[in-house]
Amino acid sequence: MLNKTSPVYKFGFQILAIVGALIFTTVVMLLAKAPPLEAYRLIVIGSVGSVGKISDVIVAWIPLLLATSGLLLTFAAGLWNIGIEGQITLGAIFTTLALRLLQDSALSPALIIIIGFLSGILGGMIWASLTGLLKIYGGVNEIFGGLGLNFVATALTIWLIFGPWKRPGVGSMSGTVPFDNLLWLPQVEGLRMSWWSLGIGLIGIVVVFLILQGTYFGLRLKAVGKNGRAAFIIGIPTGKYMMSAFFICGAFAGLAGATQVLAVYHRLIPSISSGYGFLGLMVAMLINYQALWAAPVALFFAALNIGSIQLPIVLKLDSTLSGVLQGALVLFVLMMDGVRRRLTAKKVN
Amino acid sequence: MKRLWFFASLMLVAVMLLAACKPAAPTATDVPAAPAATDVPAAPAATDVPAPAEFIFGMLLVGPYNDHGYSQAHYEGGLYVEENLPGAKMIYIDKVNSADRPGTTPAQLAEDLVSKGAKLIIFNSDDMKDSAVEFAQAHPDVATIHASGDTSWKDGMNYVDMPLFGNSFGRMEYGKMIAGCAAALTTKSGQVGYLGPLINDETRRLASSAFLGAKYCFENYAGKSAADLKFKVTWIGFWFNIPGFTSDPTQVADDFLNSGYDVVISGIDTTEGLVQAGKAKAAGKDAWAVPYDYVAACEEGKDVCLGVPYFNWGPVYLKQAQAVKDGAFASYFEWLAPDWTDINNKDTSPVGFQKGAALSAEAATSLDAFIAELAGGLNLWTGPLNLQDGSAYLADGEVGTDVQVWYLPQLLEGMEGQSVSAQ
């Protein structure tokens with residue numbers, strides 16, 4: 001007999017959530033007078049229909065995976081790190097700064113790229129630590145602090161692009177002057193993806209998985225997240241642990257920003273974070289903060305993003321439809337989880 | 001127990017639902033093979049048919065396809081090609097900018113268009129320059145046009161040698177001169193405001209063209225002294241309003257209208273100048289405006305609109321699409337003057353000026369005379385002309401070359417406003 005706490009029971013609810021999200025999205029499309037099957041078909045072709053497409057999906061997957069990885073740690077500590085967008089942006093700014101300072105130096109391109117990555121990590125950590133300090137010492141909820149810092153990060157980017165870092169004679173929404181090809185992370189011939197960034201993304205999630213599953217630090221972090229007061233009473237310095245979570249998440253976000261500069265855009269552009277921070281929050285919620293699922297679900301979201309570009313081309317539909325599906329998935333999963341918990345709780349009563 | 005059964009049946013329903021949805025899955029899974037199989041052969045198959053062979057061209061638009069401005073002008077140019085080139089079919093992606101399409105680059109989107117069979121790719125914005133070049137270098141076999149750019153101009157400062165890469169742009173300088181003239185013929189206060197976007201070569205020369213036209217008509221048609229004409233440029237910082245970064249164009253237009261400037265000429269992609277002039281007029285002030293880019297732009301404020309200088313991309317792109325179809329497309333640079341026999345001929349003139357309802361009959365007559373003078377060879381880019389800081393630009397009688405005009409380094413003497421963006 002099915003036990004209400006059994007994984008099968010839980011899985012059933014998740015399937016229901018997915019079905020619900022699909023039905024919801026289909027209804028939205030029908031309301032928009034769009035052919036749903038054709039739209040789904042196009043998204044599939046647009047994401048896995050050719051080697052080039054798969055490579056583009058991977059390009060989008062890596063920063064998303066890095067952002068999700070970082071968020072798993074802040075979520076574990078019970079923190080809503082909405083400020084991750086700003087942390088990605090600051091990572092990109094620091095990487096750009098490092099490259100600008102060093103591009104004319106005698107250092108080897110490989111070394112400059114490495115310094116670029118490290119600078120990005122530093123930038124993300126600094127920005128995340130601001131949210132952390134505001135939270136722990138200023139009593140500012142991390143959601144508000146992070147949101148505010150996101151705005152500051154965007155303003156800073158635009159100021160740099162149209163101000164001190166503008167192209168000769170003219171500021172342009174297309175960003176700063178692109179870096180020399182030598183400072184690009186090496187790409188696979190004829191494709192936009194890079195084995196190096198793929199490696200970084202995969203190592204990132206493995207590291208987070210190990211931290212959360214196999215270390216004392218991870219265990220205590222989860223204790224802080226589950227019940228901060230109790231954790232404090234049994235002697236865990238909760239503030240220190242929250243701060244560490246912010247630092248590590250900021251490092252991952254900064255790395256994502258560095259990847260955007262070194263492997264994707266090769267310059268600083270106005271919306272360099274590409275919304276991967278917010279998308280990462282959705283992925284983390286969808287997988288119920290289980291690191292094991294981060295890679296496949298982030299890949300699925302990246303595929304939706306890339307595949308949906310076909311919609312405006314072929315069906316003249318807005319490609320934000322993929323966002324509807326992504327949002328619906330998260331909502332339905334959370335909702336079904338809530339329903340399940342309620343029913344389980346009743347049974348216990 | 002009862003509840004368990006309830007959930008068992010719920011699961012069953014779910015499974016059935018999934019099964020019901022299943023037909024979607026096979027279609028979807030069949031498909032990965034399909035793109036290779038059906039999408040690509042579609043074109044060759046079509047060529048076998050005696051009917052006009054399908055010719056797909058792709059366009060990347062920086063703004064929405066229906067923006068009543070720059071992007072819509074391009075989009076309608078594409079529709080014109082579809083109408084006039086047998087078998088032609090346009091595919092496009094609009095809102096191609098990093099804010100609206102995060103995580104993509106124009107080059108990547110261009111490849112999407114190519115994978116849908118496009119044989120010609122048009123990048124419509126100055127902001128896509130890097131991507132257009134990147135794409136063309138990665139795909140030397142695909143015909144590529146970058147509107148407004150100078151990359152394929154051998155005499156230009158940014159030449160890159162690419163076999164199938166072209167630049168097209170209309171000589172909007174003439175449109176702006178006509179706009180300036182209409183403003184000068186109408187202003188009562190003798191003060192004309194120019195709502196500028198960001199500062200670059202193109203925007204400097206267009207604002208200066210408006211000034212030259214205004215000055216000429218103020219003296220020669222309105223019979224006033226050029227010294228009494230005030231012409232001020234205020235740059236907002238970008239082609240449209242980005243709250244928090246650019247100056248608010250609504251505010252800038254209001255500032256003009258509240259400080260004695262009674263005509264606002266727009267150099268930006270959106271219609272704030274026109275809208276605010278309409279409000280000022282409703283409040284009892286003298287106020288007129290000249291919008292930009294799109295032939296029907298006056299519609300948002302007919303009673304204050306003096307007319308609109310606009311781009312007509314149809315014939316421009318038709319010629320190039322035909323060349324690509326015939327296999328005759330090669331690298332080119334063209335900077336196209338209006339068809340002076342009729343600047344509003346939609347089949348021949350790349351640049352036009354549509355008069356607005358607020359232009360008086362008298363002013364319209366003078367404006368026609370001015371246009372006839374331009375058609376007859378009047379070139380306002382003739383010396384003596386000084387730059388804004390007083391340094392010599394063109395000596396007496398010297399006619400500005402294309403290079404001198406395209407890369408105008410400052411605004412002209414007599415214009416108020418910033419010449420170079422702050423360092």
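I count two strands as paired if DSSP finds at least two bridges between them, and I take helices (H or I, at least four residues) and strands (E, at least two) as DSSP runs numbered from the N terminus. This is a predicted model, where local features need pLDDT of at least 70, side-chain atom pairs count only at pLDDT 80 or more, and totals for chains, interfaces and linings use all residues. Residues are numbered from 1 along each chain as its sequence is written, chains are lettered from A and ligands numbered from 1 in the order in which they are written, and side-chain values use heavy atoms, with hydrogens and water left out.

**Entry 1: the five-stranded sheet**

I began with strand E6 (residues 191-196) and strand E8 (residues 263-266) of chain B, which pair in the parallel sense over four bridges; B:Leu195 has B:Ser266 in E8(B) as its bridge partner. Both belong to an open sheet of five strands with parallel pairing, in the order E9-E8-E6-E7-E15 of chain B. Strand E9 (288-290) and strand E15 (415-416) of chain B are at the edges with a single partner strand each, so one side of each has no neighbour in the sheet.

Helix H9 (residues 249-258) of chain B lies across E6, strand E7 (230-235) and E8 of chain B, and runs at about 170° to E6(B). Helix H10 (residues 272-282) of chain B touches E6, E8 and E9 of chain B, its direction making about 170° with that of E9(B).

**Entry 2: the six-stranded sheet**

I then followed another open sheet of chain B, with six strands in parallel pairing and the order E2-E1-E3-E4-E5-E11. Here E2 and E11 of chain B stand at the edges, each with a single partner strand, so one side of each lacks a neighbour in the sheet. From one strand to the next the twist averages 20°. Strand E4 (residues 143-147) of chain B pairs with E5(B) in the parallel sense over four bridges, and I noted that B:His146 has B:Asn167 in E5(B) as its bridge partner.

**Entry 3: the two domains of chain B**

How is chain B divided? I found domain 1 (50-170 + 313-349) and domain 2 (172-310 + 353-416), with bounds that come from an automatic or database domain assignment. Their centres, taken over C-alpha atoms, are separated by 28 Å, and 25 residues of domain 1 of chain B are in contact with 24 residues of domain 2 of chain B.

For buried area I used the accessible area (1.4 Å probe) that two parts lose on being put together, summed over both. Between them, domain 1 and domain 2 of chain B bury about 2,200 Å², of which 63% is on carbon and sulfur atoms. In domain 1 of chain B, the residues that lose the most area to domain 2 of chain B are B:His68, B:Trp335 and B:Trp340, together 32% of what that side buries.

**Entry 4: a salt bridge and a cis bond**

I took a salt bridge as a side-chain nitrogen of Lys or Arg within 4 Å of a carboxyl oxygen of Asp or Glu. The structure holds 17 salt bridges over all chains, while the count between domain 1 of chain B and domain 2 of chain B is zero. In chain A, the side chains of A:Asp337 and A:Arg341 meet in a salt bridge (3.0 Å, N to O).

Lastly, I noted that a cis peptide bond, with omega about 5°, joins B:Gly383 and B:Pro384.

Conventions:
Contact = heavy atoms within 4.5 Å. Axes fitted to C-alpha atoms, helices over the stretch in contact; angles between N-to-C directions.
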